[in-house]
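Welcome, and thanks for taking a look at this one with me. Below are some numbered notes to read alongside the picture.

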Amino acid sequence: MDRPDRRPPPPPAQDPAAPARPAPRGRGSAANVAGRFDAWQRDRPDEVVEADRVGWEQAPDEAPLLPDPRTQLLIDTARTVIARNESPDLPFDRSINPYRGCEHGCIYCYARPSHNYLGLSPGLDFETQIFHKPDAPELLAAELARPGYVCAPIALGVNTDAYQPVERQTRLTRRILEVLLACRHPVSLITKSALIERDIDLLAALAAENLVTAAVSLTGLSAELARHLEPRAASPQRRLAAIRALAEAGVPVGVSFAPLIPGLNDHELEKGLEAARQAGAAWAHYGVLRLPHEVAPLLEDWLARHAPGKAARVMAVLYDMRGGRRNDPRFGHRLRGLGHYAELMGQRFRLARRRLGFTSPPPLDCSRFMPPPQPAQAAVPPRSAAKRRRANGEDSQLSLF
């Protein structure tokens, strides 16, 4: 039996006479796909598929159940907020993600499979069941106050966007930035939301002490493609405006052209980098599309709905970049891929980067860090006379048992 991440070459594009199920308005996924940890899966009977194809009507009680497309904000009861990693592919060893799930609904998002750990689907659940950490700023302050903490730049919002729509109500990201500014702690951000402009006052104050870098993610200049590919993210022109606003405020800002998707947005690589440079981006990086776990079938379904004529070609190139596999998670390969397409994209990016005069992000200053005061410990009343004496310093010897 083949490994779970190996598959034969993708089948031809879906028959145009068989329309794909449309996604709810403003959502990237059309349904909730089964996750790899699910004990069972639900499939649509052949009769229902045939009914969709020829337009047969169903009785109300026979209609397939669809997930609720409305956003629900749920609480994530985390004990800590700083996550650690040792990946050589990443320029940071710690990060903070105030949210799980992302309402932007980007169909390609590599974080979608993480929702399966919560018993939810990487499909619509990922876009509508949003978990937040309401006490994240307090937890962060407690972690920074620990005696053994060693300061290093924190990456904010690298798994799911820290400036997604619910941030307007929760203000979690802003409160985290306030803690970092008070402690003079360096931080880096990446987003595809114009909401970052709300916090320019904090970012400018951090930038004045060389404590912040920001990057804006861009997938091209086509508003029509972005509307389907990233349905609730800011438009490309709005993201360029955010780059300009950050640069004018003195915040070091770059652009991330990612993900590169063959046949969809790769032709706009140079134009997108040039537009970002004109807006004020000082550095740039890129990444080719990855298809971890459930992202592959989600993308195939999206292609059948929005680009059926390109679906076979897109999937063929993606599989070729991963050595015929759905995904290649090896360090050093997962962000760039293998083969002629990956090499061509790397050459094009390097030439554009040199021509446009992009530099590298500035190193952040860790020497200014000032730990916050340790939170006061609540007094616990002694439960025995011996414990009371030890608490009052009357006993010089402590028993180990």
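1. Accessible areas here come from the Shrake-Rupley method with a 1.4 Å probe. On that basis, the protein chain exposes about 20700 Å², and carbon and sulfur atoms supply 54% of that area. Please keep in mind as you read that this is a predicted model.

2. Let's begin with the overall picture. The protein chain has 401 residues, of which 47% count as buried. Its secondary structure comes to 13 helices and 10 strands. Among contacts between residues at least 6 apart in sequence, 80% join residues at least 24 apart.

3. Three strands make up an open sheet with mixed pairing, in the order 1-5-4. Strand 1 (72-75) and strand 4 (99-100) are at the edges with a single partner strand each, so one side of each has no neighbour in the sheet. Strand 4 and strand 5 (residues 129-132) run antiparallel and are joined by two bridges. Within this pairing, Tyr99 stands opposite His132 of strand 5.

4. How many of the residues of strand 8 are buried? Seven of the seven are, so the strand is largely enclosed by the rest of the structure. In a regular strand, side chains alternate between the two faces of the sheet. Here, Val212, Ala214, Val216 and Leu218 point one way, while Thr213, Ala215 and Ser217 point the other way. Strand 7 and strand 8 run parallel, with five bridges between them. Thr191 has Val216 of strand 8 as its bridge partner.

5. Helix 6 (residues 200-207) has Ile200, Leu202, Leu203, Leu206 and Ala207 as buried residues. Seen down the helix axis, these buried residues fall within an arc of 160 degrees, so they line one face of helix 6. What covers them?

6. Leu177 is in helix 5 and is buried, with a relative accessible area of 0%. Leaving aside residues up to four places away in sequence, Leu177 touches Leu156, Tyr163, Val187, Leu189, Asp199, Leu202, Leu203 and Leu206. Leu177 and Leu203 are 26 residues apart along the chain, and their C-alpha atoms are separated by 8.0 Å.

7. Now for the aromatic rings. The structure holds two aromatic pairs. One of them is formed by Tyr286 and Phe349, a tilted pair with 4.7 Å centre to centre and 35 degrees between the planes. Tyr286 lies in strand 10 (residues 284-288) and Phe349 in helix 12 (residues 339-356), so the pair ties together parts that are 63 residues apart in sequence. Both Tyr286 and Phe349 are buried.

8. The charged end of Arg290 sits over the ring of Tyr110, 5.0 Å from its centre. Arg277 lies over the face of Phe358, at 5.5 Å from the ring centre.

9. Finally, a few backbone details to check. Most residues other than glycine have a negative phi, and most peptide bonds are trans. Which residues are joined by a cis peptide bond? Ala258 and Pro259 are, with omega about -5 degrees. Pro259 is in strand 9 (residues 253-260).

10. Two positive phi values also deserve a look. Arg171, which is not a glycine, has a positive phi of about 55 degrees. Arg171 is in the loop between helix 4 (167-170) and helix 5, and at 37% relative accessibility counts as partly exposed. Asn210 is not a glycine either, and its phi is positive, near 55 degrees. Asn210 lies in the loop between helix 6 and strand 8. At 32% relative accessibility, Asn210 counts as partly exposed.

Conventions:
Residues numbered from 1 in each chain as written. Predicted model: local features only at pLDDT ≥ 70, side-chain atom pairs only at ≥ 80, totals over all residues. Heavy atoms only, no water. Pairing = 2+ DSSP bridges. Helix = DSSP H or I, 4+ residues; strand = E, 2+ residues; numbered from the N terminus. Buried < 20%, exposed > 50% of the residue type's maximum accessible area, 1.4 Å probe, protein only. Arc of directions from axis to C-beta. Contact = heavy atoms within 4.5 Å. Phe/Tyr/Trp six-rings, centres within 6.5 Å; stacked < 30°, edge-to-face > 60°. Lys NZ or Arg CZ within 6 Å of the ring centre and 35° of its normal.
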